[in-house]
Amino acid sequence: MSAKPSEEIKFVFLDDNHQTLASAVLTNQSGQMKTFRLTYTPKCDLKALGQFNALSVNSPEFMAWRGKVQHMRGDRLDFLAEEHIDSRLRRHLRIPLSFRTYLYPFYGQGTRLPVISKDISCGGIALHCVSNLKLNSKFEIALPCTDPPIIVKVSVVRVINAEKNLYACQFIDLLPQEEAMIQESIFDYDLHHHSA
């Protein structure tokens with residue numbers, strides 16, 4: 001497998017508690033053996049972990065394996081992929097992430113509503129809103145956590161806490177590149193804020 005730098009396939013390594021351990025790019029693969037170049041040095045000894053999970057964050061098709069380190073030298077890591085991981089793991093990995101943003105009326109009618117996020121996943125976002133939101137109502141939301149920030153569509157699917165105006169919203173009609181941007185920002189945030 002050869003990839004140009006602009007087409008590098010980025011991965012994150014996660015432990016069994018879905019904590020982000022490190023990030024890497026896939027440089028070669030031959031059967032179950034995958035070779036990575038670490039882009040963020042792990043704070044733990046990956047070899048001592050036994051098994052951990054490797055998930056792609058920007059590839060057109062989802063790639064994920066559970067396995068272990070075979071060899072590690074400098075920033076090069078040889079990973080033995082012992083089993084495939086279901087794509088639902090990526091979609092439901094939820095990271096606590098707080099930022100201020102706005103919900104915009106779906107059809108341009110009405111005023112924007114200030115919100116504060118509580119957590120985010122590739123499938124949706126939990127947020128506090130100043131106003132009561134109706135179930136199944138649809139909005140656009142600005143996501144300042146991606147680089148560059150993007151605006152995506154959401155549907156209110158559940159009231160988590162009525163007293164605190166806390167709602168679960170599902171992303172709808174996401175383009176593959178939007179999902180990849182959200183995913184990459186989630187893992188990047190988790191890696192840099194929870195790996196101490």
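## Nonpolar cores

How many residues does the largest nonpolar core have, and which have the most contacts inside it? This core has 24 residues, and L103, I125, L127, L133, I141 and L143 have the most contacts inside it. A nonpolar core is a set of buried Ala, Val, Leu, Ile, Met, Phe, Trp, Tyr and Cys residues joined through side-chain atoms within 4.5 Å; buried means under 20% relative accessible area, exposed over 50%, and partly exposed in between (1.4 Å probe, protein chains only).

The model is predicted: local features need pLDDT of at least 70 and side-chain atom pairs pLDDT 80 or more, whereas totals for chains, interfaces and linings use all residues. Residues are numbered from 1 along each chain as its sequence is written, and side-chain values use heavy atoms, without hydrogens and water.

I125 is in contact (heavy atoms within 4.5 Å) with residues beyond its neighbours within four places in sequence, including F99, I141, L143, V154 and F171. A second, separate core of 18 residues includes L21, L38, A54 and F79.

## A buried aspartate

Beyond its neighbours within four places in sequence, D15 is in contact with L21 and N53.

## Backbone features

A cis peptide bond, with omega about 0°, joins D147 and P148.

N136, not a glycine, has a positive phi of about 70° and is exposed, with a relative accessible area of 56%. N165 also has a positive phi, near 50°, but is buried at 12%.
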